[in-house]
Structure formats: C-alpha cells, structure tokens
Amino acid sequence: MSIASANTTMRVPAGFRNLLEGLAREVLREQPTDVVAFAAQYFQKLLEQREAGGVDPVAWGAMLEN
C-alpha cells in the first residue's frame with residue numbers, strides 16, 4: 001500500500017498494518033478511558049515479549065501481509 005503526498009510516495013512499513021489492527025482490536029475489546037495510555041502499555045508489553053525472545057509481532061504481521 002502506498003500513499004501519495006505531493007511528489008513523494010510513502011510506503012507503509014511491512015507489518016505496520018497488522019500491528020495497528022491488533023491495537024485496534026484490543027482497544028475495542030477493553031474500551032479504555034485513556035486510549036493513549038492503553039496504547040503505550042500495549043506496545044510496551046509487545047516490546048517486552050519481543051525482547052524476552054518471543055515472537056516479533058511486526059515480523060509476524062509482515063509475513064501475514066505477503
């Protein structure tokens with residue numbers, strides 16, 4: 001997917017769409033009052049899982065998009 005902006009074409013990084021869909025799904029499920037704080041905690045948890053040697057959600061999402 002690309003987005004035209006003036007004379008520049010920007011590409012969405014691989015796995016980004018899947019990452020945001022995961023966040024959106026959790027926001028809809030949890031209905032937090034502070035979405036920004038919830039997103040920060042959500043991404044912190046993903047980062048901790050990745051650093052602990054688990055699955056990288058961005059790499060996984062990139063595989064699903066291809």
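Glutamine 31 lies in the loop between helices α1 and α2. Glutamine 31 has a positive phi of about 50 degrees, although it is not a glycine. Most residues other than glycine have a negative phi. This is a predicted model, where local features need pLDDT of at least 70 and side-chain atom pairs count only at pLDDT 80 or more, while totals for chains, interfaces and linings use all residues. Residues are numbered from 1 along each chain as its sequence is written, and side-chain values use heavy atoms, with hydrogens and water left out.

**The loop residue**

- Is glutamine 31 buried or exposed? Glutamine 31 is exposed, with a relative accessible area of 55%.

**Overall layout**

- The protein has three helices and two strands.
- From the N terminus on, the order of elements is β-β-α-α-α.
- Helices (H or I, at least four residues) and strands (E, at least two) are DSSP runs, numbered from the N terminus.
- Buried residues make up 18% of the 66 residues.
- The protein exposes about 5,300 Å², and carbon and sulfur atoms supply 57% of that area.
- Accessible areas come from the Shrake-Rupley method with a 1.4 Å probe; for residues, only the protein chains shown count as cover.
- Take the contacts between residues at least 6 apart in sequence: 41% of them join residues at least 24 apart. A contact means heavy atoms within 4.5 Å.

**The annotated span**

- The UniProt record, an unreviewed entry, carries the annotation "domain: RIIa" for residues 14-51.
- UniProt positions are given in the numbering used here, feature names are shortened, and annotations may be inferred rather than shown by experiment.
- Residues 14-51 are 84% helix and 0% strand. The end C-alpha atoms of this span lie 19 Å apart.

**The nonpolar core**

- Which residues form the largest nonpolar core? The seven are Leu19, Leu23, Val27, Phe38, Ala39, Tyr42 and Leu46.
- The elements that give two or more residues to this core are α1 and α2 (35-51).
- Helix α2 provides the largest share of this core, four residues.
- A nonpolar core is a set of buried Ala, Val, Leu, Ile, Met, Phe, Trp, Tyr and Cys residues joined through side-chain atoms within 4.5 Å.
- In soluble globular proteins, nonpolar side chains tend to be buried together.

**A nonpolar patch on the surface**

- Val12, Phe16, Leu20 and Phe43 form a nonpolar patch on the surface. Together they have about 290 Å² of accessible area.
- Patches are made of residues with over 30% relative accessible area and no salt bridge; like charges are joined within 9 Å, and nonpolar side chains (Val, Leu, Ile, Met, Phe, Trp, Tyr) within 5 Å.
- Phenylalanine 16 belongs to helix α1 (residues 16-30).
- Phenylalanine 16 counts as partly exposed because its relative accessibility is 38%.

**Salt bridges**

- How many salt bridges does a search of the whole structure find? The search finds two.
- A salt bridge is a side-chain nitrogen of Lys or Arg within 4 Å of a carboxyl oxygen of Asp or Glu.
- Arginine 17 and glutamate 21 meet in a salt bridge, at 3.2 Å from N to O.
- Both of these residues lie in helix α1, four residues apart, about one turn of the helix.
- Arginine 17 is partly exposed at 48%, and glutamate 21 is partly exposed at 36%.
- Glutamate 26 forms a salt bridge with arginine 29, with the closest N and O atoms 2.5 Å apart.
- Glutamate 26 and arginine 29 are separated by about one helical turn because they are three residues apart in helix α1.
- Arginine 29 is exposed, with a relative accessible area of 53%.

**Helices α1 and α3**

- Asparagine 18 lies in helix α1. Asparagine 18 is partly exposed, at 24%.
- Methionine 63 lies in helix α3 (residues 57-65). Methionine 63 is exposed, at 53%.
- The C-alpha atoms of methionine 63 and asparagine 18 are separated by 9.9 Å, and the two residues are 45 residues apart along the chain.
- Asparagine 18 and alanine 59 are 41 residues apart along the chain, with their C-alpha atoms separated by 9.8 Å.

Notes. Buried < 20%, exposed > 50% of the residue type's maximum accessible area, 1.4 Å probe, protein only.
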